[in-house]
Amino acid sequence: LAGPPVAAFKSTVDLVQISAIVRDRKGRFVQDLSARDFEVLDGGQTRPIADFRKESTGVSVALLFDASGSMEARRTEAREAATHVLSWLDDRDEAAIFSFDTRLDQVRAFSTGRQELPERVKNLTPFGATSLHDAIAKTAQALAGREGRRRGVIVLTDGKDNASHLSPSEVYGIASAIDVPVYIVGIVPQIDNPSAREFTSTMEHSPLSGRLADLASWTGGTVFAVSTPAERSMAAQAMLSELRHQYVIAFESNGNPGWHPLVVRTRAKDLNVRARSGYIAGQSRPLSH
């Protein structure tokens with residue numbers, strides 16, 4: 001992995017919020033844990049848990065469409081993937097839709113319940129260069145005020161970025177401030193899908209690996225490479241299921257400025273926890289009630 005993110009700004013911090021997904025060895029969600037079942041290590045030091053939640057709440061999703069020229073041949077598949085995501089929403093949930101090339105555009109504001117893609121997305125014509133990292137950062141910031149729900153950014157892209165000003169580590173610094181997992185849905189042909197039999201390249205040359213995969217991992221999200229209708233449907237279901245099964249944990253920062261590596265684990269050693277890998281002091285927020 002690349003080095004840790006760099007701090008973008010500093011201020012006083014009270015509580016650091018962490019969203020954590022727990023699975024057993026068979027990959028099944030574990031839903032019956034309490035605060036005493038978790039350990040939080042901040043820079044290697046155990047921190048007491050100040051707040052803990054596992055109750056079911058709605059989700060708040062920001063769908064981010066790559067509208068750059070490189071997506072011209074993949075726009076139908078991207079729309080299909082987004083439709084699958086929207087179909088998994090229920091009355092408690094909300095979603096907003098954004099698109100980007102060299103700039104970010106809000107196609108539709110946050111709306112609750114099941115939704116269909118607006119005509120603007122259906123008629124979207126990919127054009128121009130790609131500012132992928134910048135768009136992710138701004139979309140994560142748009143989720144900052146969506147309190148009371150499990151939040152996530154879902155990016156529909158081929159993974160190419162040739163115009164961003166922000167590095168992946170700077171994007172992570174912004175996303176980590178509001179504890180937003182970033183899910184990258186790579187809309188790719190079979191020959192560029194690392195999980196497909198037809199894959200002909202090396203993972204090192206895939207735009208969905210390297211810095212982009214680091215970004216998703218740092219935030220507690222992940223990368224899905226999808227090439228078929230079934231894969232797009234399964235990815236949508238997996239992302240929404242993860243958001244619905246998050247534990248929300250909060251602890252007091254020790255106040256020291258700079259980057260703090262985090263390890264979140266359970267006392268039961270046979271469980272796997274996925275959460276963001278750190279925070280920057282001064283960027284986290286109190287857990288709202």
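Analyst: The protein chain holds 6 helices and 14 strands; helices (H or I, at least four residues) and strands (E, at least two) are DSSP runs, numbered from the N terminus. This is a predicted model, in which local features need pLDDT of at least 70 and side-chain atom pairs count only at pLDDT 80 or more, while totals for chains, interfaces and linings use all residues. Residues are numbered from 1 along each chain as its sequence is written, and side-chain values use heavy atoms, with hydrogens and water left out.

Of the 289 residues in the protein chain, 52% count as buried, where buried means under 20% relative accessible area, exposed over 50%, and partly exposed in between (1.4 Å probe, protein chains only). Among contacts in the protein chain between residues at least 6 apart in sequence, 79% join residues at least 24 apart; contact means heavy atoms within 4.5 Å.

The sheet in question is open and has 6 strands in the order β7-β6-β5-β8-β9-β10, with mixed pairing. Two strands pair if DSSP finds at least two bridges between them. β7 (104–112) and β10 (223–226) stand at the edges with a single partner strand each, so one side of each has no neighbour in the sheet. Neighbouring strands here are turned by 15 degrees against each other on average, direction ignored. Axes are lines fitted to C-alpha atoms, for helices over the stretch in contact, and angles run from 0 to 180 degrees between N-to-C directions.

Helix α6 (residues 229–244) lies across β5, β8, β9 and β10 and runs at about 160 degrees to β10.

Two residues give a local view. Thr 157 is in strand β8 and is buried, with a relative accessible area of 0%. Not counting residues up to four places away in sequence, Thr 157 touches Asp 66, Met 71, Leu 132, Ile 184, Val 185, Gly 186 and Ile 187. Ser 227 is in the loop between β10 and α6; Ser 227 is also buried, with a relative accessible area of 16%. The C-alpha atoms of Ser 227 and Glu 77 are 8.2 Å apart in space, although these residues are 150 apart in sequence.

Helix α5 is next. Its buried residues are Leu 212, Asp 214, Leu 215, Ala 216, Trp 218 and Thr 219, and what covers them includes α3, α4, β9 and β10. Just after α5, Gly 220 takes a positive phi of about 90 degrees.

Two packed helices are described by the angle between their axes and the distance between the axes. For helix α4 (residues 168–177) and helix α5 (residues 211–219), the axes come within 9 Å and cross at roughly 20 degrees. That makes α4 roughly parallel to α5; angles under 35 degrees count as roughly parallel, over 145 as roughly antiparallel, 65 to 115 as roughly perpendicular and the rest as oblique. In this contact, Pro 168, Ser 169, Val 171, Tyr 172 and Ala 175 of α4 meet Arg 211, Leu 215, Trp 218 and Thr 219 of α5. The contact residues divide into 6 nonpolar, 2 polar and 1 charged, with Ala, Val, Leu, Ile, Met, Phe, Trp, Tyr, Cys and Pro counted as nonpolar, Asp, Glu, Lys and Arg as charged, and the others, Gly among them, as polar.

α4 also lies across β12 and β14, running at about 85 degrees to β14. These strands belong to an open antiparallel sheet of 4 strands in the order β3-β2-β12-β14. Its edge strands are β3 (45–46) and β14 (278–281), each pairing on one side only. Within this sheet, 5 bridges join strand β2 (residues 38–42) to strand β12 (residues 258–266) in the antiparallel sense, and Glu 39 stands opposite Arg 265 in β12.
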